[in-house]
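This briefing is meant for a reader who is meeting the structure for the first time. Please keep the sequence and the 3D view at hand while reading.

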Amino acid sequence: MKKQSNLSRLLAMAGGYKRLAQASWVLSALSALIALAPYYYIWRIMGEVLAVAPDFDQAEHLVQNGWMAVLLAVVAVLVYIGGLMCSHLAAFRIATNLRLQAMAHIVQLPLGAVERFGSGKLRKIVNESSAATETYLAHQLPDRAGAIATPCGLLALLLVFDWRLGLLSLAPVLLGFLIMMAMTGPRMQQKMKEYQDALGDMSNEAVEYVRGIPVVKTFGQTIFSFRKFKDSIDRYKVWVIAYTKQLRAPMMCYTAAINGVFAFLIAGALLLTQTGVTTSFVLNLIFYIILTPIISVTLTRIMFQSENAMIVDDALQRIDSVLNLAPLTQPEDPRHPKNRSVELEDVCFGYDGDTDVLHHISLSIPAGQTVAFVGPSGGGKTTLANLIARFFDPRCGTVRIGGVDARDIPKEELMDTVSFVFQNSRLLKASILDNVRLGRPETTREQVLEALHNAQCDDILEKLPQGVDTVVGAKGVYLSGGEQQRIAIARVMLKNTPILILDEATAFADPDNETRVQAALSKLSQGKTVLLIAHRLTTVAEVDQIYVVQDGRIAEHGTSRELLERGGLFARMWNDYQTSVQWKVEKEAR
(Lines give C-alpha, C1' and ligand atoms only; values in the text may rest on other atoms or scores of the structure.)
Protein backbone atom coordinates (compact mmCIF):
# COMPACT_ATOMS: atom_id res chain seq x y z
CA MET A 1 0.00 0.00 0.00
CA LYS A 2 1.41 3.38 -1.00
CA LYS A 3 2.23 5.65 1.93
CA GLN A 4 0.14 8.81 2.11
CA SER A 5 2.19 11.95 1.60
CA ASN A 6 2.39 14.51 4.39
CA LEU A 7 0.54 17.07 2.28
CA SER A 8 -2.30 14.67 1.45
CA ARG A 9 -2.57 13.75 5.11
CA LEU A 10 -2.76 17.37 6.20
CA LEU A 11 -5.29 18.33 3.53
CA ALA A 12 -7.45 15.38 4.58
CA MET A 13 -7.83 17.13 7.94
CA ALA A 14 -8.89 20.45 6.40
CA GLY A 15 -12.51 19.50 5.84
CA GLY A 16 -14.29 22.22 3.89
CA TYR A 17 -11.21 24.42 4.10
CA LYS A 18 -9.27 22.26 1.65
CA ARG A 19 -10.46 24.43 -1.26
CA LEU A 20 -9.07 27.51 0.48
CA ALA A 21 -5.65 25.87 0.74
CA GLN A 22 -5.70 25.02 -2.96
CA ALA A 23 -6.93 28.53 -3.83
CA SER A 24 -4.00 30.02 -1.90
CA TRP A 25 -1.54 28.14 -4.12
CA VAL A 26 -3.24 29.41 -7.29
CA LEU A 27 -3.34 32.99 -6.02
CA SER A 28 0.30 32.85 -4.91
CA ALA A 29 1.41 31.54 -8.30
CA LEU A 30 -0.69 34.17 -10.06
CA SER A 31 0.82 36.88 -7.84
CA ALA A 32 4.34 35.69 -8.73
CA LEU A 33 3.59 35.91 -12.45
CA ILE A 34 1.96 39.34 -12.13
CA ALA A 35 5.00 40.54 -10.12
CA LEU A 36 7.18 39.88 -13.20
CA ALA A 37 5.02 42.07 -15.45
CA PRO A 38 6.41 45.40 -14.12
CA TYR A 39 9.82 44.36 -15.44
CA TYR A 40 8.38 44.44 -18.97
CA TYR A 41 7.31 48.05 -18.49
CA ILE A 42 10.70 48.88 -16.99
CA TRP A 43 12.25 47.42 -20.16
CA ARG A 44 9.98 49.64 -22.28
CA ILE A 45 10.98 52.69 -20.21
CA MET A 46 14.67 51.93 -20.67
CA GLY A 47 14.17 51.33 -24.38
CA GLU A 48 12.42 54.64 -24.85
CA VAL A 49 15.11 56.48 -22.86
CA LEU A 50 17.90 54.97 -24.97
CA ALA A 51 16.00 55.70 -28.19
CA VAL A 52 15.52 59.43 -27.55
CA ALA A 53 18.77 60.11 -25.73
CA PRO A 54 20.03 62.74 -25.25
CA ASP A 55 16.73 64.57 -26.06
CA PHE A 56 14.66 63.03 -23.21
CA ASP A 57 11.79 65.50 -23.74
CA GLN A 58 10.71 63.39 -26.70
CA ALA A 59 9.92 60.44 -24.42
CA GLU A 60 6.09 60.38 -24.42
CA HIS A 61 5.25 57.12 -22.62
CA LEU A 62 7.49 57.21 -19.55
CA VAL A 63 4.72 58.18 -17.11
CA GLN A 64 2.21 55.76 -18.61
CA ASN A 65 4.67 52.85 -18.46
CA GLY A 66 5.74 53.85 -14.95
CA TRP A 67 2.16 53.84 -13.63
CA MET A 68 1.49 50.50 -15.29
CA ALA A 69 4.52 49.04 -13.49
CA VAL A 70 3.29 50.44 -10.15
CA LEU A 71 -0.28 49.24 -10.73
CA LEU A 72 0.80 45.71 -11.55
CA ALA A 73 3.12 45.63 -8.52
CA VAL A 74 0.20 46.66 -6.26
CA VAL A 75 -2.09 44.07 -7.87
CA ALA A 76 0.56 41.38 -7.28
CA VAL A 77 0.74 42.31 -3.57
CA LEU A 78 -3.07 42.31 -3.19
CA VAL A 79 -3.41 38.93 -4.90
CA TYR A 80 -0.66 37.55 -2.64
CA ILE A 81 -2.42 38.89 0.47
CA GLY A 82 -5.63 37.20 -0.70
CA GLY A 83 -3.72 33.93 -1.07
CA LEU A 84 -2.29 34.26 2.44
CA MET A 85 -5.73 34.87 3.90
CA CYS A 86 -6.97 31.65 2.32
CA SER A 87 -3.91 29.68 3.41
CA HIS A 88 -4.09 30.92 7.01
CA LEU A 89 -7.75 29.97 7.37
CA ALA A 90 -6.97 26.47 6.11
CA ALA A 91 -3.78 26.17 8.18
CA PHE A 92 -5.50 27.18 11.43
CA ARG A 93 -8.26 24.65 10.79
CA ILE A 94 -5.77 21.85 10.06
CA ALA A 95 -3.61 22.68 13.11
CA THR A 96 -6.74 22.71 15.28
CA ASN A 97 -7.93 19.38 13.94
CA LEU A 98 -4.44 17.92 14.42
CA ARG A 99 -4.42 19.02 18.05
CA LEU A 100 -7.95 17.68 18.57
CA GLN A 101 -6.99 14.35 17.01
CA ALA A 102 -3.91 14.06 19.24
CA MET A 103 -5.80 15.05 22.41
CA ALA A 104 -8.73 12.75 21.58
CA HIS A 105 -6.24 9.89 21.30
CA ILE A 106 -4.40 10.88 24.48
CA VAL A 107 -7.57 10.72 26.58
CA GLN A 108 -8.08 7.15 25.30
CA LEU A 109 -4.62 6.06 26.45
CA PRO A 110 -3.99 4.19 29.69
CA LEU A 111 -3.03 6.70 32.38
CA GLY A 112 0.20 4.84 33.00
CA ALA A 113 1.23 5.19 29.36
CA VAL A 114 0.66 8.96 29.52
CA GLU A 115 2.68 9.19 32.73
CA ARG A 116 5.59 7.25 31.29
CA PHE A 117 5.57 9.28 28.07
CA GLY A 118 5.81 12.46 30.12
CA SER A 119 3.34 15.34 30.32
CA GLY A 120 5.98 17.89 29.25
CA LYS A 121 6.93 15.89 26.18
CA LEU A 122 3.26 15.38 25.25
CA ARG A 123 2.57 19.10 25.57
CA LYS A 124 5.60 19.93 23.43
CA ILE A 125 4.50 17.49 20.71
CA VAL A 126 0.85 18.58 20.66
CA ASN A 127 1.62 22.32 20.67
CA GLU A 128 4.89 22.73 18.78
CA SER A 129 4.46 19.97 16.19
CA SER A 130 1.02 21.22 15.19
CA ALA A 131 2.40 24.77 15.10
CA ALA A 132 5.09 23.59 12.66
CA THR A 133 2.37 22.39 10.27
CA GLU A 134 0.59 25.74 10.57
CA THR A 135 3.70 27.65 9.43
CA TYR A 136 4.22 25.18 6.60
CA LEU A 137 0.65 25.43 5.31
CA ALA A 138 0.06 29.13 5.90
CA HIS A 139 3.31 30.48 4.44
CA GLN A 140 5.61 27.92 2.91
CA LEU A 141 3.23 26.08 0.58
CA PRO A 142 1.87 29.29 -1.00
CA ASP A 143 5.47 30.54 -1.30
CA ARG A 144 6.44 27.26 -2.94
CA ALA A 145 3.70 27.75 -5.54
CA GLY A 146 5.07 31.24 -6.17
CA ALA A 147 8.63 29.89 -6.27
CA ILE A 148 7.60 27.40 -8.96
CA ALA A 149 5.69 29.96 -11.00
CA THR A 150 8.49 32.54 -10.84
CA PRO A 151 11.09 30.44 -12.73
CA CYS A 152 8.50 29.61 -15.40
CA GLY A 153 7.80 33.30 -15.96
CA LEU A 154 11.50 34.13 -15.72
CA LEU A 155 12.30 31.51 -18.33
CA ALA A 156 9.94 33.19 -20.75
CA LEU A 157 11.37 36.65 -20.05
CA LEU A 158 14.97 35.46 -20.25
CA LEU A 159 14.55 33.76 -23.61
CA VAL A 160 12.21 36.25 -25.30
CA PHE A 161 14.39 39.36 -25.31
CA ASP A 162 17.78 37.76 -26.08
CA TRP A 163 18.02 33.98 -25.93
CA ARG A 164 21.84 34.09 -25.78
CA LEU A 165 21.91 36.21 -22.65
CA GLY A 166 19.04 34.12 -21.29
CA LEU A 167 21.04 30.91 -21.55
CA LEU A 168 24.02 32.59 -19.91
CA SER A 169 21.76 33.62 -17.02
CA LEU A 170 20.48 30.04 -16.62
CA ALA A 171 23.92 28.40 -16.44
CA PRO A 172 24.72 29.46 -12.84
CA VAL A 173 21.09 28.74 -11.92
CA LEU A 174 21.48 25.13 -13.02
CA LEU A 175 24.76 24.83 -11.13
CA GLY A 176 23.23 26.30 -7.95
CA PHE A 177 20.20 24.02 -8.25
CA LEU A 178 22.41 20.92 -8.46
CA ILE A 179 24.35 22.00 -5.37
CA MET A 180 21.12 22.70 -3.52
CA MET A 181 19.73 19.25 -4.35
CA ALA A 182 22.90 17.69 -2.97
CA MET A 183 22.48 19.61 0.30
CA THR A 184 18.75 18.92 0.77
CA GLY A 185 18.58 15.24 -0.15
CA PRO A 186 17.80 12.19 2.06
CA ARG A 187 20.97 12.76 4.09
CA MET A 188 19.65 16.17 5.07
CA GLN A 189 16.42 14.53 6.26
CA GLN A 190 18.38 12.35 8.67
CA LYS A 191 20.43 15.33 9.82
CA MET A 192 17.25 17.29 10.51
CA LYS A 193 15.98 14.44 12.71
CA GLU A 194 19.28 14.33 14.57
CA TYR A 195 19.06 18.09 15.08
CA GLN A 196 15.52 17.92 16.50
CA ASP A 197 16.50 15.01 18.78
CA ALA A 198 19.56 16.87 20.09
CA LEU A 199 17.50 20.01 20.65
CA GLY A 200 14.76 18.02 22.40
CA ASP A 201 17.25 16.25 24.68
CA MET A 202 18.85 19.54 25.65
CA SER A 203 15.43 21.09 26.34
CA ASN A 204 14.32 18.18 28.52
CA GLU A 205 17.53 18.17 30.52
CA ALA A 206 17.29 21.95 30.94
CA VAL A 207 13.82 21.56 32.48
CA GLU A 208 15.14 18.93 34.91
CA TYR A 209 18.07 21.19 35.80
CA VAL A 210 15.80 24.16 36.52
CA ARG A 211 13.63 21.98 38.74
CA GLY A 212 16.74 20.91 40.63
CA ILE A 213 18.15 24.40 41.21
CA PRO A 214 17.00 24.43 44.89
CA VAL A 215 19.07 21.28 45.48
CA VAL A 216 22.09 22.81 43.70
CA LYS A 217 21.90 25.99 45.79
CA THR A 218 21.26 24.14 49.05
CA PHE A 219 24.29 21.90 48.71
CA GLY A 220 26.55 24.42 46.96
CA GLN A 221 26.93 22.30 43.85
CA THR A 222 27.60 23.41 40.26
CA ILE A 223 26.21 22.60 36.86
CA PHE A 224 28.56 19.61 36.79
CA SER A 225 26.34 17.99 39.41
CA PHE A 226 23.83 17.67 36.59
CA ARG A 227 26.05 15.68 34.27
CA LYS A 228 23.20 14.74 31.92
CA PHE A 229 22.40 18.40 31.29
CA LYS A 230 26.01 19.30 30.55
CA ASP A 231 26.42 16.21 28.37
CA SER A 232 23.33 17.16 26.34
CA ILE A 233 24.80 20.64 25.73
CA ASP A 234 28.13 19.12 24.71
CA ARG A 235 26.44 16.70 22.31
CA TYR A 236 24.47 19.53 20.75
CA LYS A 237 27.62 21.65 20.40
CA VAL A 238 29.60 18.84 18.77
CA TRP A 239 26.76 18.03 16.38
CA VAL A 240 26.16 21.66 15.32
CA ILE A 241 29.86 22.40 14.74
CA ALA A 242 30.39 19.21 12.74
CA TYR A 243 27.27 19.80 10.65
CA THR A 244 28.20 23.43 9.98
CA LYS A 245 31.68 22.45 8.80
CA GLN A 246 30.18 19.73 6.61
CA LEU A 247 27.92 22.22 4.82
CA ARG A 248 30.48 25.03 4.64
CA ALA A 249 32.00 24.12 1.25
CA PRO A 250 28.74 23.34 -0.63
CA MET A 251 27.08 26.45 0.83
CA MET A 252 29.97 28.63 -0.37
CA CYS A 253 29.72 27.12 -3.85
CA TYR A 254 25.94 27.57 -3.89
CA THR A 255 26.15 31.21 -2.81
CA ALA A 256 28.86 31.94 -5.36
CA ALA A 257 26.88 30.26 -8.15
CA ILE A 258 23.54 32.01 -7.64
CA ASN A 259 25.18 35.39 -7.08
CA GLY A 260 27.59 34.94 -9.97
CA VAL A 261 25.06 35.58 -12.74
CA PHE A 262 26.59 39.04 -13.37
CA ALA A 263 29.97 37.47 -14.07
CA PHE A 264 28.44 35.15 -16.67
CA LEU A 265 26.50 38.02 -18.27
CA ILE A 266 29.49 40.37 -18.46
CA ALA A 267 31.75 37.64 -19.85
CA GLY A 268 29.13 36.73 -22.41
CA ALA A 269 28.54 40.36 -23.35
CA LEU A 270 32.27 40.86 -24.01
CA LEU A 271 32.27 37.85 -26.33
CA LEU A 272 29.05 38.79 -28.14
CA THR A 273 30.07 42.44 -28.75
CA GLN A 274 33.45 41.79 -30.38
CA THR A 275 31.97 42.78 -33.74
CA GLY A 276 30.13 45.85 -32.40
CA VAL A 277 27.58 47.05 -29.90
CA THR A 278 23.95 47.81 -30.70
CA THR A 279 21.45 49.83 -28.70
CA SER A 280 19.08 46.86 -28.41
CA PHE A 281 21.86 44.63 -27.02
CA VAL A 282 22.78 47.23 -24.39
CA LEU A 283 19.09 47.55 -23.50
CA ASN A 284 18.71 43.78 -23.09
CA LEU A 285 21.94 43.50 -21.09
CA ILE A 286 20.81 46.19 -18.63
CA PHE A 287 17.42 44.51 -18.39
CA TYR A 288 18.98 41.12 -17.61
CA ILE A 289 21.25 42.66 -14.95
CA ILE A 290 18.15 44.12 -13.26
CA LEU A 291 16.12 40.91 -13.61
CA THR A 292 18.61 38.20 -12.64
CA PRO A 293 18.71 38.94 -8.84
CA ILE A 294 15.22 37.41 -8.75
CA ILE A 295 16.85 34.07 -9.62
CA SER A 296 19.01 33.97 -6.47
CA VAL A 297 16.07 34.99 -4.29
CA THR A 298 13.86 32.29 -5.83
CA LEU A 299 16.44 29.54 -5.43
CA THR A 300 17.07 30.48 -1.80
CA ARG A 301 13.35 30.33 -1.09
CA ILE A 302 13.16 26.87 -2.66
CA MET A 303 16.08 25.70 -0.54
CA PHE A 304 14.54 26.85 2.74
CA GLN A 305 11.17 25.39 1.74
CA SER A 306 12.86 22.01 1.32
CA GLU A 307 14.25 22.35 4.84
CA ASN A 308 10.85 23.34 6.23
CA ALA A 309 9.24 20.33 4.56
CA MET A 310 11.69 18.17 6.52
CA ILE A 311 10.68 19.95 9.73
CA VAL A 312 7.03 19.16 9.02
CA ASP A 313 7.89 15.53 8.29
CA ASP A 314 9.69 15.31 11.64
CA ALA A 315 6.75 17.03 13.39
CA LEU A 316 4.26 14.53 11.96
CA GLN A 317 6.50 11.65 12.97
CA ARG A 318 6.50 12.95 16.53
CA ILE A 319 2.72 13.28 16.49
CA ASP A 320 2.55 9.71 15.16
CA SER A 321 4.68 8.58 18.11
CA VAL A 322 1.70 9.60 20.26
CA LEU A 323 -1.01 8.34 17.91
CA ASN A 324 0.75 4.96 17.64
CA LEU A 325 0.43 4.34 21.38
CA ALA A 326 -2.20 1.64 21.88
CA PRO A 327 -5.39 3.08 23.44
CA LEU A 328 -7.11 1.50 26.41
CA THR A 329 -9.23 -1.31 25.04
CA GLN A 330 -12.98 -1.09 25.56
CA PRO A 331 -15.05 -4.23 26.30
CA GLU A 332 -17.29 -5.57 23.55
CA ASP A 333 -19.54 -7.21 26.18
CA PRO A 334 -19.46 -4.82 29.17
CA ARG A 335 -19.84 -6.28 32.65
CA HIS A 336 -20.42 -4.62 36.00
CA PRO A 337 -18.66 -5.15 39.35
CA LYS A 338 -20.73 -7.17 41.83
CA ASN A 339 -19.07 -5.82 44.97
CA ARG A 340 -15.99 -3.96 46.28
CA SER A 341 -13.55 -6.87 46.23
CA VAL A 342 -10.19 -6.91 44.42
CA GLU A 343 -8.46 -10.03 43.14
CA LEU A 344 -5.24 -10.66 41.20
CA GLU A 345 -4.68 -14.05 39.63
CA ASP A 346 -1.21 -15.00 38.29
CA VAL A 347 -0.48 -11.41 37.21
CA CYS A 348 2.73 -10.53 35.32
CA PHE A 349 3.72 -7.11 33.99
CA GLY A 350 6.71 -5.33 32.46
CA TYR A 351 7.03 -1.75 31.22
CA ASP A 352 9.29 -2.47 28.27
CA GLY A 353 7.54 -5.65 27.12
CA ASP A 354 10.63 -7.82 27.73
CA THR A 355 11.58 -7.61 31.40
CA ASP A 356 8.80 -8.21 33.93
CA VAL A 357 8.70 -6.14 37.11
CA LEU A 358 5.84 -8.20 38.55
CA HIS A 359 6.02 -11.99 38.52
CA HIS A 360 2.94 -14.24 38.83
CA ILE A 361 1.25 -12.35 41.66
CA SER A 362 -1.98 -13.72 43.12
CA LEU A 363 -3.90 -12.16 46.00
CA SER A 364 -7.49 -11.61 47.12
CA ILE A 365 -8.85 -8.56 48.97
CA PRO A 366 -12.42 -9.01 50.31
CA ALA A 367 -14.86 -6.13 50.08
CA GLY A 368 -14.49 -3.57 52.87
CA GLN A 369 -11.00 -4.61 53.96
CA THR A 370 -8.03 -2.29 54.36
CA VAL A 371 -4.78 -3.80 53.10
CA ALA A 372 -1.28 -2.40 52.80
CA PHE A 373 1.52 -2.96 50.30
CA VAL A 374 4.95 -2.49 51.88
CA GLY A 375 8.47 -3.46 50.91
CA PRO A 376 11.78 -2.12 49.63
CA SER A 377 11.78 0.76 47.13
CA GLY A 378 11.49 -0.45 43.55
CA GLY A 379 9.87 -3.70 44.58
CA GLY A 380 6.71 -3.13 42.56
CA LYS A 381 4.19 -1.72 45.07
CA THR A 382 3.07 1.25 42.97
CA THR A 383 3.07 -0.85 39.79
CA LEU A 384 0.75 -3.33 41.51
CA ALA A 385 -1.62 -0.51 42.48
CA ASN A 386 -1.45 0.89 38.93
CA LEU A 387 -2.67 -2.44 37.52
CA ILE A 388 -5.61 -2.49 39.94
CA ALA A 389 -6.59 1.04 38.83
CA ARG A 390 -6.01 -0.11 35.22
CA PHE A 391 -3.32 2.43 34.47
CA PHE A 392 -1.84 -0.54 32.59
CA ASP A 393 -3.12 -3.97 31.58
CA PRO A 394 -1.17 -7.03 32.79
CA ARG A 395 0.94 -9.02 30.35
CA CYS A 396 -0.49 -12.23 31.77
CA GLY A 397 -3.07 -13.10 34.38
CA THR A 398 -6.23 -11.28 35.42
CA VAL A 399 -7.13 -8.32 37.62
CA ARG A 400 -10.71 -8.60 38.90
CA ILE A 401 -12.74 -5.77 40.42
CA GLY A 402 -15.90 -6.94 42.11
CA GLY A 403 -15.43 -10.41 40.62
CA VAL A 404 -15.23 -9.02 37.04
CA ASP A 405 -12.13 -8.75 34.81
CA ALA A 406 -11.14 -5.07 34.88
CA ARG A 407 -10.83 -5.15 31.07
CA ASP A 408 -14.54 -6.01 30.82
CA ILE A 409 -15.63 -2.98 32.87
CA PRO A 410 -16.44 0.19 30.89
CA LYS A 411 -13.82 2.88 31.46
CA GLU A 412 -16.25 5.38 32.98
CA GLU A 413 -17.66 2.81 35.38
CA LEU A 414 -14.18 1.70 36.43
CA MET A 415 -13.26 5.31 37.20
CA ASP A 416 -16.42 5.56 39.33
CA THR A 417 -15.39 2.36 41.14
CA VAL A 418 -11.67 2.92 41.84
CA SER A 419 -10.07 6.24 42.85
CA PHE A 420 -6.42 7.02 43.51
CA VAL A 421 -4.71 9.49 45.89
CA PHE A 422 -1.14 10.01 44.63
CA GLN A 423 2.01 10.89 46.55
CA ASN A 424 2.11 14.36 45.04
CA SER A 425 -1.36 15.37 43.93
CA ARG A 426 -1.62 18.19 41.41
CA LEU A 427 -4.12 21.01 41.24
CA LEU A 428 -5.15 22.86 38.11
CA LYS A 429 -4.85 26.62 37.76
CA ALA A 430 -8.51 27.09 38.62
CA SER A 431 -10.60 27.85 41.68
CA ILE A 432 -10.59 25.41 44.58
CA LEU A 433 -14.28 24.87 43.86
CA ASP A 434 -13.55 23.77 40.29
CA ASN A 435 -10.56 21.67 41.37
CA VAL A 436 -12.68 19.69 43.82
CA ARG A 437 -15.63 19.50 41.46
CA LEU A 438 -13.47 17.60 38.97
CA GLY A 439 -14.30 14.51 41.04
CA ARG A 440 -17.98 14.81 40.19
CA PRO A 441 -18.83 17.78 37.94
CA GLU A 442 -22.60 17.70 38.52
CA THR A 443 -22.34 18.34 42.29
CA THR A 444 -23.59 21.51 43.98
CA ARG A 445 -21.54 24.14 45.77
CA GLU A 446 -22.83 22.93 49.13
CA GLN A 447 -21.68 19.37 48.42
CA VAL A 448 -18.20 20.66 47.50
CA LEU A 449 -18.01 22.65 50.75
CA GLU A 450 -19.05 19.56 52.73
CA ALA A 451 -16.30 17.51 51.04
CA LEU A 452 -13.75 20.23 51.87
CA HIS A 453 -14.92 20.24 55.50
CA ASN A 454 -14.59 16.45 55.75
CA ALA A 455 -11.10 16.69 54.22
CA GLN A 456 -9.97 19.06 57.01
CA CYS A 457 -9.69 22.03 54.61
CA ASP A 458 -11.55 24.66 56.68
CA ASP A 459 -8.30 26.36 57.77
CA ILE A 460 -7.17 26.61 54.12
CA LEU A 461 -10.38 28.32 53.04
CA GLU A 462 -10.27 30.75 55.98
CA LYS A 463 -6.89 32.17 55.02
CA LEU A 464 -7.59 32.53 51.29
CA PRO A 465 -8.86 35.90 50.02
CA GLN A 466 -11.90 34.53 48.19
CA GLY A 467 -12.38 31.28 50.04
CA VAL A 468 -13.47 28.39 47.88
CA ASP A 469 -13.53 30.66 44.80
CA THR A 470 -9.82 31.50 45.10
CA VAL A 471 -7.84 30.55 41.99
CA VAL A 472 -4.83 28.43 42.87
CA GLY A 473 -1.58 29.61 41.24
CA ALA A 474 -2.90 33.11 40.38
CA LYS A 475 -1.91 36.42 42.02
CA GLY A 476 0.58 34.74 44.32
CA VAL A 477 -1.85 32.19 45.79
CA TYR A 478 0.02 28.94 46.30
CA LEU A 479 -0.60 26.02 48.64
CA SER A 480 1.87 23.79 50.43
CA GLY A 481 2.22 20.12 49.52
CA GLY A 482 0.10 19.03 52.47
CA GLU A 483 -2.59 21.60 51.70
CA GLN A 484 -2.73 20.50 48.07
CA GLN A 485 -3.04 16.92 49.27
CA ARG A 486 -6.06 17.77 51.42
CA ILE A 487 -7.74 19.53 48.49
CA ALA A 488 -7.09 16.40 46.39
CA ILE A 489 -8.59 14.23 49.13
CA ALA A 490 -11.70 16.42 49.10
CA ARG A 491 -11.94 15.76 45.37
CA VAL A 492 -11.77 12.00 45.96
CA MET A 493 -14.31 12.30 48.79
CA LEU A 494 -16.70 13.99 46.41
CA LYS A 495 -16.18 11.18 43.90
CA ASN A 496 -16.97 8.67 46.67
CA THR A 497 -15.81 5.48 44.93
CA PRO A 498 -16.15 2.13 46.76
CA ILE A 499 -12.46 1.21 46.20
CA LEU A 500 -9.68 3.57 47.24
CA ILE A 501 -5.93 3.39 46.54
CA LEU A 502 -3.62 5.57 48.67
CA ASP A 503 -0.06 5.82 47.36
CA GLU A 504 2.04 7.39 50.15
CA ALA A 505 -0.62 10.08 50.54
CA THR A 506 1.22 11.76 53.46
CA ALA A 507 4.72 11.62 51.95
CA PHE A 508 5.03 15.38 51.24
CA ALA A 509 3.17 16.67 54.31
CA ASP A 510 4.72 18.44 57.30
CA PRO A 511 3.75 17.15 60.79
CA ASP A 512 0.77 19.49 61.19
CA ASN A 513 -0.53 18.76 57.71
CA GLU A 514 0.14 15.04 58.15
CA THR A 515 -2.17 14.93 61.16
CA ARG A 516 -4.91 16.66 59.19
CA VAL A 517 -4.32 14.47 56.12
CA GLN A 518 -4.50 11.32 58.27
CA ALA A 519 -7.79 12.53 59.76
CA ALA A 520 -9.14 13.24 56.26
CA LEU A 521 -8.03 9.83 55.02
CA SER A 522 -9.67 8.15 58.01
CA LYS A 523 -12.95 9.86 57.12
CA LEU A 524 -12.49 9.05 53.43
CA SER A 525 -11.82 5.35 54.07
CA GLN A 526 -14.99 4.63 56.01
CA GLY A 527 -17.00 1.81 54.41
CA LYS A 528 -14.56 1.37 51.51
CA THR A 529 -12.07 -1.21 50.30
CA VAL A 530 -8.73 0.51 50.85
CA LEU A 531 -5.33 -0.36 49.36
CA LEU A 532 -2.57 1.51 51.14
CA ILE A 533 1.02 1.89 49.86
CA ALA A 534 3.28 2.98 52.69
CA HIS A 535 6.90 3.33 53.77
CA ARG A 536 6.09 4.49 57.31
CA LEU A 537 5.26 1.14 58.85
CA THR A 538 3.44 2.65 61.83
CA THR A 539 0.64 3.72 59.46
CA VAL A 540 -0.11 0.09 58.51
CA ALA A 541 0.02 -1.54 61.94
CA GLU A 542 -3.77 -1.83 62.27
CA VAL A 543 -4.75 -2.81 58.70
CA ASP A 544 -6.53 -6.09 57.98
CA GLN A 545 -3.76 -7.54 55.82
CA ILE A 546 -0.20 -6.58 54.88
CA TYR A 547 1.42 -7.72 51.62
CA VAL A 548 5.19 -7.45 51.56
CA VAL A 549 6.32 -6.87 47.93
CA GLN A 550 9.93 -7.61 47.04
CA ASP A 551 11.47 -7.92 43.56
CA GLY A 552 8.05 -8.06 41.91
CA ARG A 553 6.74 -10.91 44.11
CA ILE A 554 4.68 -11.26 47.28
CA ALA A 555 7.37 -12.21 49.79
CA GLU A 556 4.92 -12.68 52.67
CA HIS A 557 1.53 -11.54 53.90
CA GLY A 558 -0.52 -11.45 57.08
CA THR A 559 -1.41 -9.09 59.90
CA SER A 560 1.35 -7.00 61.48
CA ARG A 561 1.37 -9.27 64.55
CA GLU A 562 1.66 -12.40 62.40
CA LEU A 563 4.46 -10.96 60.30
CA LEU A 564 6.43 -9.75 63.33
CA GLU A 565 6.15 -13.19 64.95
CA ARG A 566 7.31 -14.79 61.71
CA GLY A 567 10.58 -12.86 61.79
CA GLY A 568 10.81 -12.39 58.04
CA LEU A 569 11.35 -9.37 55.80
CA PHE A 570 8.58 -7.31 57.43
CA ALA A 571 10.06 -7.91 60.89
CA ARG A 572 13.48 -6.74 59.69
CA MET A 573 11.95 -3.67 58.06
CA TRP A 574 10.05 -2.91 61.28
CA ASN A 575 13.18 -3.13 63.38
CA ASP A 576 15.10 -0.91 60.95
CA TYR A 577 12.26 1.61 60.99
CA GLN A 578 12.10 1.70 64.80
CA THR A 579 15.88 2.14 64.97
CA SER A 580 15.77 5.09 62.57
CA VAL A 581 12.93 6.71 64.54
CA GLN A 582 14.82 6.27 67.81
CA TRP A 583 17.97 7.78 66.25
CA LYS A 584 15.99 10.76 65.09
CA VAL A 585 14.44 11.30 68.53
CA GLU A 586 17.83 11.09 70.25
CA LYS A 587 19.35 13.51 67.73
CA GLU A 588 16.57 16.05 68.29
CA ALA A 589 16.94 15.65 72.06
CA ARG A 590 20.59 16.70 71.84
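Which residues does Leu 159 touch, not counting residues up to four places away in sequence? Leu 159 touches Gly 166, Leu 167 and Tyr 288, where contact means heavy atoms within 4.5 Å.

This is a predicted model, in which local features need pLDDT of at least 70 and side-chain atom pairs count only at pLDDT 80 or more, while totals for chains, interfaces and linings use all residues. Residues are numbered from 1 along each chain as its sequence is written, and side-chain values use heavy atoms, with hydrogens and water left out.

**The chain as a whole**

- The protein chain contains 21 helices and 10 strands, which are DSSP runs numbered from the N terminus (helices are H or I with at least four residues, strands are E with at least two).
- Of its 590 residues, 44% count as buried, a term for under 20% relative accessible area, with exposed meaning over 50% and partly exposed in between (1.4 Å probe, protein chains only).
- The accessible surface of the protein chain comes to about 31,000 Å², and 59% of that belongs to carbon and sulfur atoms; such areas come from the Shrake-Rupley method with a 1.4 Å probe, and for residues only the protein chains shown count as cover.
- Among contacts between residues at least 6 apart in sequence, 76% join residues at least 24 apart.

**Around Leu 159**

- Leu 159 lies in helix H5, which covers residues 119–161, and is partly exposed, with a relative accessible area of 36%.
- Leu 159 and Leu 170 are 11 residues apart along the chain, and their C-alpha atoms are separated by 9.9 Å.

**Aromatic pairs**

- A search of the whole structure finds 5 aromatic pairs, counted when the ring centres of Phe, Tyr and Trp (its six-membered ring) lie within 6.5 Å, with planes under 30 degrees apart called stacked, over 60 edge-to-face and the rest tilted.
- One of them is the edge-to-face pair of Tyr 40 and Tyr 41, at 5.2 Å centre to centre with 75° between the planes; Tyr 40 is partly exposed at 32% relative accessibility, whereas Tyr 41 is buried at 16%.
- Phe 373 and Tyr 547 form a tilted pair, because their ring centres are 6.0 Å apart and their planes stand at 55°.
- Phe 373 lies in strand S3 (residues 370–374) and Tyr 547 in strand S9 (residues 545–550), so this pair ties together parts that are 174 residues apart in sequence.
- Phe 373 is buried, with a relative accessible area of 0%, and Tyr 547 is buried as well, with 6%.
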